[in-house]
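Please read them next to the sequence and the coordinates.

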Amino acid sequence: MNYENMSTPDEKKDFRIEIAELFIAQVSLDRFFVGIISRSKVVNGNPHLFSRIVLNDGLLMACAGNQKVLGKMLDEMSLWFWS
């Protein structure tokens, strides 16, 4: 189902609703960070996942085609960041 085109073409689109999943990333026993996962589809219909974690000094972002790959990328980057 295509949720982007659920309104009629004549309606004004003054606002935008973005649906995202929230998650908590545990880096160590006393360090937790909140992140989001946004899901969308690219032009050819393949899934696209984007994740962003807010860290003390910046952002940790990753994109992937499925959640397993995205999780692996975030794990590797968070280990690299805290090592």
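1. Val34 belongs to strand 2, strands being DSSP runs of E with at least two residues and helices runs of H or I with at least four, both numbered from the N terminus. The model is predicted: local features need pLDDT of at least 70 and side-chain atom pairs pLDDT 80 or more, while totals for chains, interfaces and linings use all residues. Numbering starts from 1 along each chain as its sequence is written, and side-chain values rest on heavy atoms, without hydrogens and water.

2. At least two patch residues come from each of strand 1 (20-28) and strand 2.

3. Strands 1 and 2 make a hairpin with two residues between them. Their pairing is antiparallel, over eight bridges; DSSP must find at least two for strands to pair. Glu21 faces Ile37 of strand 2 across the pairing.

4. Ser38 also sits in strand 2 (residues 31-41). Ser38 counts as buried because its relative accessibility is 13% (buried is under 20%, exposed over 50%, partly exposed in between; 1.4 Å probe, protein chains only). Leaving out residues up to four places away in sequence, Ser38 touches Glu18, Ala20, His48, Leu49 and Phe50, contact meaning heavy atoms within 4.5 Å.
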